[in-house]
2 protein chains.
Amino acid sequence: MKKNIFKPRSIAIIGASEKRKKLGYQVLKNIIDGGYKGKIYPVNINPKQKKILGLKSYTSVLKIPGKIDAAVFLIPSTFVASALEECGKKKVKLAVVISAGFKEIGDKGIGLEKEILKIGKKYKTKILGPNCLGYIDTSINLNASFAPSYPKKGSIAVVSQSGAICTAILDWASKSNVGFSKFFSLGNKSDITEIDLFSYLSKDEETDVIISYLENIAEGKEFRNIATKTSIKKPLIILKAGVSEKGAAAISSHTGSLAGSDQAVTALFKQSGVIRANSLEDMFDWAESFSTLKKPLGNKVAIITNAGGPGVMTTDAIEQTKLELANLDEETIKKLKKVLPPSANTHNPIDIIGDADAIRYKKSLDIIEKDKNVDSILLLLTPQTSTQIKETAKLILKKIKTSEKTIVPIFMGGKKVNTGIDIFEKNSKGVFEYPERAVKALEKISFCQSCEMGIRKIYPPKKIRVSPDTKYKVKNILQSSDKLIAGSPADFILNKYKIPIVKSAFAKNKKEASIFSKKIGFPVVFKIDSPDIIHKSDVGGVVVGIKNEKDSGKAYDAIIKNVRKSKPRAKINGVIIYEMISGGMDFYIGAKRDPQYGPMIGFGLGGIYVEILKDVSFRLAPLSEFDIEKMLGELRSTKIIEGARGKKALYKKGIIDTLIKISNLMINHPEIKELDINPLKVFEDRVIALDNRFILE
Amino acid sequence: MKKNIFKPRSIAIIGASEKRKKLGYQVLKNIIDGGYKGKIYPVNINPKQKKILGLKSYTSVLKIPGKIDAAVFLIPSTFVASALEECGKKKVKLAVVISAGFKEIGDKGIGLEKEILKIGKKYKTKILGPNCLGYIDTSINLNASFAPSYPKKGSIAVVSQSGAICTAILDWASKSNVGFSKFFSLGNKSDITEIDLFSYLSKDEETDVIISYLENIAEGKEFRNIATKTSIKKPLIILKAGVSEKGAAAISSHTGSLAGSDQAVTALFKQSGVIRANSLEDMFDWAESFSTLKKPLGNKVAIITNAGGPGVMTTDAIEQTKLELANLDEETIKKLKKVLPPSANTHNPIDIIGDADAIRYKKSLDIIEKDKNVDSILLLLTPQTSTQIKETAKLILKKIKTSEKTIVPIFMGGKKVNTGIDIFEKNSKGVFEYPERAVKALEKISFCQSCEMGIRKIYPPKKIRVSPDTKYKVKNILQSSDKLIAGSPADFILNKYKIPIVKSAFAKNKKEASIFSKKIGFPVVFKIDSPDIIHKSDVGGVVVGIKNEKDSGKAYDAIIKNVRKSKPRAKINGVIIYEMISGGMDFYIGAKRDPQYGPMIGFGLGGIYVEILKDVSFRLAPLSEFDIEKMLGELRSTKIIEGARGKKALYKKGIIDTLIKISNLMINHPEIKELDINPLKVFEDRVIALDNRFILE
């Protein structure tokens with residue numbers, strides 16, 4: 001997408017109208033009222049309509065004398081294709097199709113949407129929409145939308161798949177005095193998607209923060225690539241709706257698109273540095289914080305409060321995050337004691353008590369901001385009798401502007417404190433009414449996802465070398481198998497990828513049995529190898545716990561004798577020898593190919609109750625070692641790996657290696673739909689994939 | 001506490017002042033301005049002060065001619081005792097001690113607080129505070145506090161341990177137009193506690209909802225009793241601060257009281273029907289919902305929205321609660337189709353699309369409210385171009401007033417939608433800006449905790465009969481033991497409480513060994529019984545897997561022979577026979593005596609990683625069967641008990657019985673500090689406490 005595509009020097013409004021109730025009127029009026037400096041051309045098929053809103057009207061874009069960079073479509077869907085064809089001929093670069101009546105209405109609309117997409121491709125005209133609200137670029141005062149409010153300039157960009165969410169965000173913004181750089185309504189995202197826009201906005205100098213409401217994600221792989229690149233540069237906050245099954249059903253009924261499984265989305269966001277908001281409220285809080293608060297240099301927080309209770313509540317909230325209460329320097333405490341009344345609490349949370357006036361707030365702030373143990377300051381105010389709300393807000397505001405520390409004001413209450421809140425909002429500085437929300441937002445801005453994304457760059461997904469022969473052999477098995485692969489062929493596949501499995505050998509006679517048993521290492525297990533016998537134990541075809549060569553000979557004879565007796569006609573090849581596994585902890589590795597996001601790998605506590613205990617974390621392939629470290633960090637059972645209850649640590653490297661191999665296996669062989677290793681036995685010095693199965697597409 | 005204690009017919013303000021900055025001025029002014037109809041007596045020690053704020057001033061309460069029901073104290077702490085003594089003589093029933101300088105300042109203050117408490121007891125004068133904000137009773141227009149705002153009349157009562165939280169609540173209320181019945185600031189709660197007030201408010205006809213901010217809970221047992229009785233009658237919403245360790249530390253530094261362990265508080269609240277709020281925001285939302293919304297008759301929710309996106313978000317939020325999306329009646333869908341445009345979605349969530357005007361909202365509401373499958377309706381509005389915000393609000397408001405269904409308006413946005421929000425607030429009807437918060441509140445009001453509390457009445461804590469002999473024997477062991485009890489004496493205690501332990505018997509010769517083995521049931525284990533042998537296995541003193549009488553004889557001989565050979569001088573008593581336990585699932589029972597709340601019982605998945613998996617739920621003793629059902633319901637591993645993965649269900653009754661017995665054991669024997677059964681082996685038909693230990697005080 002070209003850099004200047006959203007900054008047209010001229011714009012045509014196809015379907016412009018004089019009728020106030022029509023969108024063709026509202027959009028044209030929005031463009032004029034917004035103060036757009038480029039050329040504006042109303043287009044209306046009616047030749048009698050000479051002028052619209054004071055501007056000369058044309059019956060077709062082809063009749064417009066000058067060059068046209070962008071066109072907004074407000075005509076019925078059935079007429080869009082032909083008008084777009086004309087735009088193509090006129091070399092229009094951007095078509096903003098606000099008109100509805102496409103994919104979202106079913107078969108007929110799907111056809112129309114395909115048609116305009118074809119025309120767009122032919123003429124290299126990019127399409128925003130159809131079925132969208134339009135877009136806004138405050139830097140050129142362009143409001144090419146029918147949004148009922150126009151935002152002030154700011155550094156937040158919005159990308160929304162719902163027009164209504166756009167209007168709600170704009171309405172919230174005009175109440176809270178929050179500014180925006182860009183505003184995009186994606187509509188059916190037939191051509192321009194969130195991926196194009198994230199890529200565009202990551203390079204946009206007017207944008208510091210990107211917030212986005214999405215109902216589905218079109219291309220998982222490309223999303224991961226672009227979102228990663230974007231989130232290295234600036235915070236990318238996404239509210240992804242359709243988390244629940246019923247929510248996903250509601251989406252398909254209204255946009256006709258498939259919602260991906262939420263677990264995969266969670267993994268995708270984590271791996272690409274996306275900050276996931278679970279409500280509009282969170283999204284607003286965080287966007288405002290990222291755009292108005294200074295980024296803290298660490299996670300140590302000081303609390304200044306004029307009341308104990310709120311201080312305790314804030315401390316509670318901090319403990320639920322990765323933030324920490326700062327230990328104040330001795331010097332700081334000394335200085336505080338000098339300026340605060342004797343009943344004040346000079347330890348963090350610092351209680352400057354109920355009669356604190358603005359000056360006392362300022363004095364405390366002056367001292368705390370100089371403490372090298374403090375990265376950010378939560379400043380709480382409750383409206384008590386002698387509280388100077390406005391004056392305090394003004395002094396804090398000054399501090400916020402000059403301080404090197406992050407200062408977050410929290411004014412608790414409603415009516416009275418609003419006089420203070422207004423002061424912050426008018427000056428575009430973040431302010432909160434509730435400590436819990438302030439703490440949540442501070443946590444988000446304190447933990448630099450871009451640093452983490454830097455680490456990702458150092459530890460990219462790990463590709464292992466797999467010989468063509470291995471690939472060929474595995475492919476062969478996969479293609480010649482039924483839907484389910486278990487037992488030896490499953491082991492064979494894992495073994496080809498150098499994942500440790502139980503050692504085994506085939507022995508066709510007693511002598512071989514003895515030699516191979518020794519080679520595998522005692523104790524071993526013998527099982528009869530016969531194509532005619534399914535239930536081996538029932539015919540005496542299994543002997544466990546063979547401890548030495550002598551026993552091995554005995555066991556061989558016994559098995560052959562037993563089987564001959566029970567099934568005289570069975571063909572006997574010999575015995576298969578397995579090493580005997582005892583001890584070790586049961587873990588689980590799973591993989592599932594998500595139709596949208598590709599292979600998703602799970603790791604966690606194994607055994608028979610893996611689904612009940614649900615101590616499993618997920619990431620999308622390809623995995624990096626960094627991803628795996630993060631996966632392990634999310635598990636309760638990570639303590640077992642580290643060596644819980646006085647036990648030695650387990651073989652973490654083996655777990656990481658195995659997960660990397662599984663990630664490669666899933667990527668190399670798209671035939672595999674699901675994979676299940678349960679248990680993966682983990683010891684102090686090795687891992688073994690004990691019970692393995694594949695489900696094919 | 002007497003019923004009319006907070007409705008005095010006359011009130012003295014001790015420390016009333018003409019100086020505007022003094023609390024003595026502010027409180028007196030608040031009382032006068034509030035419109036209190038009783039007699040008001042300013043008291044000021046200065047005889048020159050003839051009148052204060054136009055009222056005759058007295059130098060002492062004793063000088064006041066008439067009766068005095070209540071007195072407010074605003075004088076320095078050192079003078080409170082003598083003034084209180086005078087009040088006592090004057091038969092004042094209630095002393096509201098706003099003055100600070102008591103327990104919260106340390107040793108000196110503790111003495112003063114004890115002194116006033118003694119005087120209060122002597123004269124039967126109840127004390128609110130000291131170190132509090134005062135109290136408000138809107139029914140008699142009494143504002144006996146220095147709160148800077150006075151609330152309007154309403155049905156919410158507030159009990160707060162923090163004065164600042166009181167002011168924040170009042171300020172929020174005046175912004176949101178929320179009304180209150182009573183407002184109590186507890187201060188140091190030297191005499192009147194939350195328990196007294198809950199008890200009082202549960203019977204108060206002017207109060208429908210109680211909200212409370214608490215930092216500590218004084219008497220766990222009495223709290224449970226009163227809170228249970230209160231929550232049967234009306235919702236009791238508590239925000240308990242000091243959840244985290246650091247939060248608790250902050251509390252003790254500022255109120256000098258001990259915070260209880262949060263796990264115990266969680267259990268206590270669950271068992272007494274308290275609705276726990278985790279933030280002021282939640283507390284406000286829920287209080288307003290309980291007091292303004294109709295109580296739904298079930299959990300089936302319909303969503304009406306003018307935009308798809310918010311509908312999806314709301315559905316997502318519902319899925320995270322116990323609420324369910326209603327399946328609309330066929331008839332409803334037919335009717336909706338008649339009134340809605342073709343592109344509307346007539347399935348739940350019902351999308352009446354972006355151009356919906358007020359009439360379309362009303363028509364949809366009319367239809368949905370008649371659907372018998374619907375208990376409550378979430379009505380979403382986003383501010384789109386043709387949205388009639390005010391008109392829609394007015395029509396919804398009418399519906400809310402007349403409908404039998406619960407209707408919850410959610411107006412998403414900020415500035416524009418505020419014109420609608422104002423209409424609801426002015427009419428004291430709940431309204432939300434965010435769907436997630438509306439859903440959370442609707443869940444709270446949909447699940448009738450008073451019903452649940454009714455069940456609690458039917459299933460009270462279960463007391464089992466324990467013979468005096470048993471009590472005596474157990475007590476004996478406990479008193480003669482060291483700090484730790486494990487092995488046989490621990491088994492003995494449990495056995496005395498009829499908790500199944502491993503069967504065992506002592507046999508002094510081969511014949512007895514054979515007889516007792518048979519009685520216990522094969523397979524069995526023999527262990528040598530000798531006071532001189534500690535490591536029994538090392539001397540061949542253990543034989544496992546004894547399958548029949550013949551083997552039992554052999555095993556006896558072998559053990560005796562082995563031991564004689566290894567330790568010729570050891571005294572041999574015989575062997576101890578144990579039943580052999582194999583199979584079964586490992587569960588865990590723990591008990592811990594909380595210093596404030598008494599014995600807390602935990603149950604969950606057992607084994608060596610109990611602390612890592614943390615699938616354990618807690619309740620306070622005495623337990624009822626209902627409590628235990630709830631405990632099991634909170635566990636992930638409850639599925640194992642019910643029979644997961646095609647396995648048979650485990651012996652739930654045995655688990656319940658054992659927990660009831662442990663609950664009784666902990667109550668009967670305060671010497672036990674902690675108890676640990678891990679594992680409790682659970683089979684399909686029985687349970688066995690396998691490894692048991694006690695820690696004593």
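Let me start with a distance in chain A: the C-alpha centres of domain 1 and domain 5 lie 52 Å apart. This is a predicted model, so every value I give is computed from predicted coordinates. The domain assignment for chain A lists domain 1 at 1-133, domain 2 at 147-292, domain 3 at 294-447, domain 4 at 503-579 and domain 5 at 585-696.

On to the interface itself. Chain B contributes 76 residues to the contact, and chain A contributes 76 residues. The size of an interface is often quoted as the accessible area lost when the parts come together. Here, about 6300 Å² is buried between chain B and chain A, and carbon and sulfur atoms give 62% of that. Which residues of chain B lose the most area to chain A? They are Tyr434(B), Tyr609(B) and Ile612(B), and together they make up 10% of what that side buries.

Next, the polar side of the contact. Between chain B and chain A there are 20 residue pairs in polar contact, counting pairs with both residues at pLDDT 80 or more. The salt bridges between chain B and chain A number four. A salt bridge joins the side chains of Arg437(B) and Glu281(A), with an N to O distance of 2.6 Å. On the side of chain B that touches chain A, the residues divide into 32 nonpolar, 24 polar and 20 charged.

Salt bridges over the whole structure come next. Over all chains, the structure holds 70 of them. One example within chain A is the pair Asp329(A) and Lys372(A), whose closest N and O atoms are 2.7 Å apart. This pair links distant parts of the chain, 43 residues apart. Asp329(A) sits in the loop between β16 (324-325) and α11 (330-339), while Lys372(A) sits in the loop between α12 (358-368) and β18 (376-381).

Last, some backbone details in chain A. Where are the cis peptide bonds I want to show? One joins Phe522(A) and Pro523(A), with omega about -5 degrees. Pro523(A) is in the loop between α19 (510-520) and β22 (524-529). Another runs from Asn678(A) to Pro679(A), with omega near 5 degrees. Pro679(A) belongs to a strand, β28, residues 672-682.

There is also Lys91(A), which has a positive phi of about 60 degrees although it is not a glycine. Lys91(A) lies in the loop between α2 (77-89) and β6 (94-97).

Terms used
Residues are numbered from 1 along each chain as its sequence is written. Chains are lettered from A and ligands numbered from 1 in the order in which they are written. Side-chain values use heavy atoms; hydrogens and water are left out. Domain bounds come from an automatic or database domain assignment. Contact means heavy atoms within 4.5 Å. Buried area is the accessible area (1.4 Å probe) that two parts lose on being put together, summed over both. A polar contact is a pair of N or O atoms within 3.5 Å; within protein, one must be able to donate a hydrogen and the other to accept it, and residues adjacent in sequence count only if both atoms are side-chain atoms. Ala, Val, Leu, Ile, Met, Phe, Trp, Tyr, Cys and Pro count as nonpolar, Asp, Glu, Lys and Arg as charged, and the others, Gly among them, as polar. Helices (H or I, at least four residues) and strands (E, at least two) are DSSP runs, numbered from the N terminus.
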